[in-house]
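Here is my note on this model, as numbered points. Please read it with the structure open.

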Amino acid sequence: MIASAASGSPDGSPGRRRDARGEVLLMTASRLWSYKEIAAHIQVQPDTVRSYRKHGLLPPPDHVEGGKPYWYADTVRAWVASRPGNRGRAQP
């Protein structure tokens, strides 16, 4: 999971720290989501979200770290709201 914080490194770039499993956490003003968080949000498996990206159905990632894509929560929420099957549904 990607963490959020109000500050990054002194040069203005996102700061980094590691979680308990040693995964890099990006420190940004907005929370970034991985495939796992997106999948949980739309109630599908992470492989489904990967497939969406492969087929051009997911917006481009807002950030890539170590080859892994991440999206701001707001980017994902806007994408979910615009998905054809979700029009008219209330979004959390």
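1. Start with Val-44. This residue sits in the loop that links helix H1 (35-42) to helix H2 (46-54). The model is a predicted one. Is Val-44 buried, exposed or partly exposed? Its relative accessible area is 26%, so Val-44 is partly exposed, given that buried means under 20% and exposed means over 50%. Leaving aside residues up to four places away in sequence, Val-44 touches Ala-39 and Val-49.

2. Gln-43 lies in the loop between H1 and H2 as well. It has a positive phi of about 60°, although it is not a glycine. Gln-43 follows H1. Its relative accessibility is 72%, so Gln-43 counts as exposed, the cut-off being over 50%.

3. Now the helix before that loop. Which residues of H1 are buried? They are Tyr-35, Glu-37, Ile-38, Ala-39 and Ile-42. Note that Glu-37 is in this list. The buried residues of H1 pack against several elements: strand S3 (32-33), H2, strand S5 (68-72) and H3. On helices in general, an α-helix has 3.6 residues a turn, so residues three or four places apart point the same way.

4. Next, the packing of H1 on H2. Their axes come within 8 Å and cross at roughly 105°. H1 is therefore roughly perpendicular to H2, as angles of 65 to 115 degrees count as such. On the H1 side, the contact uses Tyr-35, Lys-36, Ile-38, Ala-39 and Ile-42. On the H2 side, these meet Pro-46, Val-49, Arg-50, Tyr-52 and Arg-53. Sorted by class, the contact of H1 with H2 holds seven nonpolar and three charged residues, and no polar ones.

5. H1 also packs on H3. Here the angle is about 40° and the axes are 11 Å apart. That is why H1 and H3 are described as oblique to each other. The crossing of H1 and H3 is right-handed. H1 contributes Ile-38, His-41 and Ile-42 to the contact, while H3 contributes Val-76, Arg-77, Trp-79 and Val-80. Five residues of the contact of H1 with H3 are nonpolar, one is polar and one is charged.

6. The core comes next. The largest nonpolar core has 13 residues. Which of them touch the most other members? They are Ile-38, Ile-42, Val-49, Leu-58, Trp-71, Val-76 and Trp-79. H1, H2 and helix H3 (73-82) each supply at least two residues of this core.

7. Look at Trp-79 in particular. Not counting residues up to four places away in sequence, Trp-79 touches Ile-38, Ile-42, Tyr-52, Leu-57, Leu-58 and Pro-59. Ile-38 and Ile-42 also take part in the contact of H1 with H2, and both are buried.

8. Last, the overall fold. How many helices and strands does the protein have? There are three helices and five strands. Along the sequence, the pattern reads β-β-β-α-α-β-β-α. The protein has 92 residues, of which 33% count as buried. Among contacts with a separation of 6 or more, 41% are between residues 24 or more positions apart.

Conventions
Residues numbered from 1 in each chain as written. Predicted model: local features only at pLDDT ≥ 70, side-chain atom pairs only at ≥ 80, totals over all residues. Heavy atoms only, no water. Helix = DSSP H or I, 4+ residues; strand = E, 2+ residues; numbered from the N terminus. Buried < 20%, exposed > 50% of the residue type's maximum accessible area, 1.4 Å probe, protein only. Contact = heavy atoms within 4.5 Å. Core = buried A, V, L, I, M, F, W, Y, C linked by side-chain atoms within 4.5 Å. Axes fitted to C-alpha atoms, helices over the stretch in contact; angles between N-to-C directions. Parallel < 35°, antiparallel > 145°, perpendicular 65-115°, else oblique. Left-handed = near helix turned anticlockwise from the far one by under 90°. Nonpolar A, V, L, I, M, F, W, Y, C, P; charged D, E, K, R; others polar.
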